[in-house]
Amino acid sequence: SDLEDQLQEMMARKNDYYVALLSQIDEKDLLPGVIPLLDELDQVGIPYGLGSASKNAKTVINRLGIAQRFALIADGYSVKKGKPAPDLFFFAAAQMKVPPAQCVVVEDVVAGIVAAQAAGMGAIALGPSERFVDKLKLKTKTAHYETLEFVRLADLNTLSTN
């Protein structure tokens, strides 16, 4: 039908815009605090992975110049059920051979925090507080930070059971 054709055309156009934006990402787009935190984790030998619902996760971290640092990349191709189901985080923990209770998830959306909590993992809700206030019960193993700038290993340790 005409409507179906229009919808397909709009979706293709949206994807073209997205791909064009992806090609412009580089190291300058890394959030403040990411590199110092990864450096600190590397120094003490703590592995970290990426758990993203996006099927473009690998492309993004390649463009950001940090892909080779991750022990694992779990993305939209890794599990059937996405967030808020905990499957992606369980998958990542199992692949890295780390018990869920020793994991800490950094998430910028409510569904991701819900998934982390459902997995029994520590969680950092990252971003403006309005995003999480009233939508989320910040449990014992969950903390909120506006940015990663001042988040260090010591902060992560308080959210995991060692």
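Modeller: Gln117 counts as buried, because its relative accessibility is 17% and buried means under 20% relative accessible area (exposed is over 50%, partly exposed in between; 1.4 Å probe, protein chains only). This is a predicted model, where local features need pLDDT of at least 70 and side-chain atom pairs count only at pLDDT 80 or more, while totals for chains, interfaces and linings use all residues. Residues are numbered from 1 along each chain as its sequence is written, and side-chain values use heavy atoms, with hydrogens and water left out.

Colleague: What does the side chain of Gln117 make a polar contact with?

Modeller: The side chain of Thr142, at 2.9 Å. A polar contact is a pair of N or O atoms within 3.5 Å; within protein, one must be able to donate a hydrogen and the other to accept it, and residues adjacent in sequence count only if both atoms are side-chain atoms.

Colleague: New topic. How many salt bridges are in the whole structure?

Modeller: Six. A salt bridge here is a side-chain nitrogen of Lys or Arg within 4 Å of a carboxyl oxygen of Asp or Glu.

Colleague: Which residue does Lys28 form a salt bridge with?

Modeller: Asp26 is one partner, with the closest N and O atoms 3.4 Å apart. Asp26, Lys28 and Asp29 are linked in a network of salt bridges.

Colleague: Is Lys28 buried or exposed?

Modeller: Exposed, at 63% relative accessible area. Asp26 is partly exposed, at 27%.

Colleague: And what about Arg69 and Asp42?

Modeller: Arg69 and Asp42 form a salt bridge, closest N and O atoms 2.7 Å apart. Those two residues are 27 apart in the chain.

Note on methods: Helices (H or I, at least four residues) and strands (E, at least two) are DSSP runs, numbered from the N terminus.
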